Amino acid sequence: MTQGSIRMSVATTACAGAGCVRRESGGLARRRAAPGTRLCPACQEHLVRDLSRLPELYEECARHLAGGDGERSPEKTSGGPLPGMPFNCRAADTRSSILGVLSSWATLVLEEFGLTGPRRAVAPLTRFLVRHSNWLAGHEAAGDVSAEVAQLVRKAHGVIDPATSRRIPVGDCVEPDCSGDLTAIVRPRTPRLPATITCTENPAHHWAGPEWLQLSRRLGAAPADDGTAQEERWVTAADIARLWAVPPGSVYRHASTEKWRRRSASGRTYYHATDVHESLKHRSA
């Protein structure tokens, strides 16, 4: 039985991938899933990339077992640190989660194909799932596997660097022929510095935080999936403060005195990006 013959027939619809869910939470529209799947091409690429990163992250978490941040236990465990050294329970839990989640999804594929599975180790499990990523993208649980794998990557980064940066979805990359997403990265360790905007596909595509609002014109000019112009861009006061490294009080003062256009959704207030840009464009980054 071939992989294509057992793939579920799925109507083209909104992508269920973790990346598009983050886009939606940031006020952006989800992309369309590729025909016959539940993931858009970008989210499927991210799934493969995240799976491929897990073996290295798994090993990096092992190097944080004997210390680092997170909950610690002084008890000695088999294969753990020497007596008297702290034990990083968060690192151990993350490693266990990585192995458990990969094993669970591999079992789903094995039961469907009737194959002999790889040994229960992170590297062979990830290679196995990458080989079957097209089938996973067409499965009704594609959104779940995308979300769980993305969560594993975030969890591992939380062990390796406890001050994990906050990522704010911005939109599609504005550079020609680039399929990446733009993400504003806010670093807790340097709260006085503005965020940076980076592309998930090409690290050469990056901008300083205040340039986000200047990019909005290019983002707004790009056609949506259905060929229509994209909606005007709006941003919250909290994100303006982080992107521009200004006190929240100053944001509200500008909004009031300069009469920024605003709208409310789900209990949150959003300000028109053009108004914000006109008020703050002369501030130094």
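Student: Which hand does the crossing of α3 and α4 have?
Tutor: In this predicted model, α3 and α4 make a left-handed crossing.

Student: What makes the direction of α3 relative to α4 roughly parallel or roughly antiparallel?
Tutor: Look at the angle. α3 and α4 pack at about 150 degrees, and their axes lie 9 Å apart. Angles over 145 degrees count as roughly antiparallel. Therefore α3 is roughly antiparallel to α4.

Student: Which residues of α3 and α4 meet?
Tutor: From α3 come Leu 51, Leu 54, Tyr 58, Glu 59, Cys 61 and Ala 62. They meet Ala 91, Thr 94, Arg 95, Ile 98 and Leu 102 of α4. By class, that contact has eight nonpolar, one polar and two charged residues.

Student: What is the hand of the α4 and α5 crossing?
Tutor: α4 and α5 cross in a left-handed way. Among the α4 residues in the contact are Leu 99, Trp 105 and Val 109. On α5, Val 122, Leu 125, Thr 126, Phe 128 and Leu 129 take part.

Student: How do you know that the span of α4 agrees with its number of residues?
Tutor: Take 1.5 Å a residue. The 25 residues of α4 should then span 36 Å. The end C-alpha atoms are 36 Å apart, so the two agree.

Student: What is found at the two ends of α4?
Tutor: At its start, a side-chain oxygen of Asn 88 comes within 3.1 Å of the backbone nitrogen of Arg 90. Just after α4, Gly 114 has a positive phi of about 65 degrees.

Student: At what angle do α3 and α7 pack?
Tutor: α3, residues 41-62, and α7, residues 142-160, pack at about 35 degrees, with axes 9 Å apart. Their crossing is left-handed. The contact includes Asp 50, Arg 53 and Glu 60 of α3, and Ser 146 and His 157 of α7. By class, the contact has 13 nonpolar, two polar and three charged residues.

Conventions. Residues numbered from 1 in each chain as written. Predicted model: local features only at pLDDT ≥ 70, side-chain atom pairs only at ≥ 80, totals over all residues. Heavy atoms only, no water. Left-handed = near helix turned anticlockwise from the far one by under 90°. Helix = DSSP H or I, 4+ residues; strand = E, 2+ residues; numbered from the N terminus. Contact = heavy atoms within 4.5 Å. Expected span 1.5 Å × (residues − 1). Polar contact = N/O pair within 3.5 Å; in protein donor to acceptor, adjacent residues only side chain to side chain. Axes fitted to C-alpha atoms, helices over the stretch in contact; angles between N-to-C directions. Nonpolar A, V, L, I, M, F, W, Y, C, P; charged D, E, K, R; others polar. Parallel < 35°, antiparallel > 145°, perpendicular 65-115°, else oblique.
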